[in-house]
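Here is a short report on one protein chain. Keep the structure open while reading.

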Amino acid sequence: MGSYWYQFNNGDLLRSEVLPSEVDCQPAPGTEGQLVYQVFSSRERFRLLRLHRRQQTAGVEWDQAA
């Protein structure tokens, strides 16, 4: 699974494996030719962060079980 860059209204960037189709976002050109996804609403920002944390937590649990 690939990772995607998300940019919030305040300029913060997040690299996540959450698919852009799971979040209300728009593709935008980033620096150095990278594609970033703009997240405009605070509600979607928190939703993306929640999904991102779930994936991180699931990865940790899977690693510990191995």
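## A charge over a ring

Start with Arg45, which lies over the face of Phe8. The distance to the ring centre is 4.5 Å. This is a predicted model, and the values below are computed from it.

Phe8 belongs to the largest nonpolar core. Arg45 is partly exposed, with a relative accessible area of 23%. That value lies between the 20% limit for buried and the 50% limit for exposed.

## Overall layout

The protein has 66 residues. It contains 1 helix and 4 strands. Along the sequence they follow the pattern β-β-β-β-α.

Buried residues account for 27% of the protein. The accessible surface comes to about 4900 Å². Carbon and sulfur atoms hold 50% of that surface. Now take the contacts between residues at least 6 apart in sequence: 41% of them join residues at least 24 apart.

## The nonpolar core

Which residues form the largest nonpolar core? There are 11: Tyr6, Phe8, Leu14, Val18, Val23, Cys25, Tyr37, Val39, Leu48, Leu49 and Leu51. H1 gives the most, with 3 residues.

Two of the core tyrosines, Tyr6 and Tyr37, return below as ring partners.

## Salt bridges

Side chains of opposite charge can pair when their charged atoms come close. How many salt bridges does the model hold? The count comes to 2.

One joins the side chains of Arg45 and Asp12, at 3.6 Å from N to O. Arg45 lies in helix H1, while Asp12 sits in the loop between S1 and strand S2 (13-16), so the bridge ties together parts 33 residues apart in sequence. Asp12 is partly exposed, with a relative accessible area of 37%.

Is Glu44 buried or exposed? Glu44 is buried, with a relative accessible area of 11%. Arg47 is partly exposed, at 30%.

## The tyrosine cluster

A pair of aromatic rings is described by the distance of the centres and the angle of the planes. The structure holds 2 aromatic pairs. In one, the rings of Tyr4 and Tyr37 have centres 6.2 Å apart. Their planes stand at 75 degrees, so the pair is edge-to-face. It links distant parts of the chain: Tyr4 is in strand S1, Tyr37 is in strand S4, and 33 residues separate them.

The other pair is Tyr6 with Tyr37, whose ring centres are 5.9 Å apart. Their planes are at 40 degrees, so this pair is tilted. Here too, distant parts of the chain are linked. Tyr6 lies in strand S1 and Tyr37 in strand S4, 31 residues apart.

Ring pairs link Tyr4, Tyr6 and Tyr37 into a cluster. What is the relative accessibility of each member? Tyr4 counts as partly exposed at 25%. Tyr37 counts as buried at 14%. Tyr6 is also buried, at 0%.

Ser3 lies in the segment before S1. At 33% relative accessibility, Ser3 counts as partly exposed. What does Ser3 touch, leaving out residues up to four places away in sequence? Its contacts are Arg15, Ser16 and Glu17.

Ser3 and Val18 are 15 residues apart along the chain. Their C-alpha atoms are separated by 7.3 Å. Val18 is one of the residues of the largest nonpolar core.

Terms used:
Residues numbered from 1 in each chain as written. Predicted model: local features only at pLDDT ≥ 70, side-chain atom pairs only at ≥ 80, totals over all residues. Heavy atoms only, no water. Core = buried A, V, L, I, M, F, W, Y, C linked by side-chain atoms within 4.5 Å. Buried < 20%, exposed > 50% of the residue type's maximum accessible area, 1.4 Å probe, protein only. Helix = DSSP H or I, 4+ residues; strand = E, 2+ residues; numbered from the N terminus. Contact = heavy atoms within 4.5 Å. Areas by Shrake-Rupley, 256 points an atom, 1.4 Å probe, with all protein chains shown as cover. Salt bridge = Lys/Arg side-chain N within 4 Å of Asp/Glu carboxyl O. Phe/Tyr/Trp six-rings, centres within 6.5 Å; stacked < 30°, edge-to-face > 60°. Lys NZ or Arg CZ within 6 Å of the ring centre and 35° of its normal.
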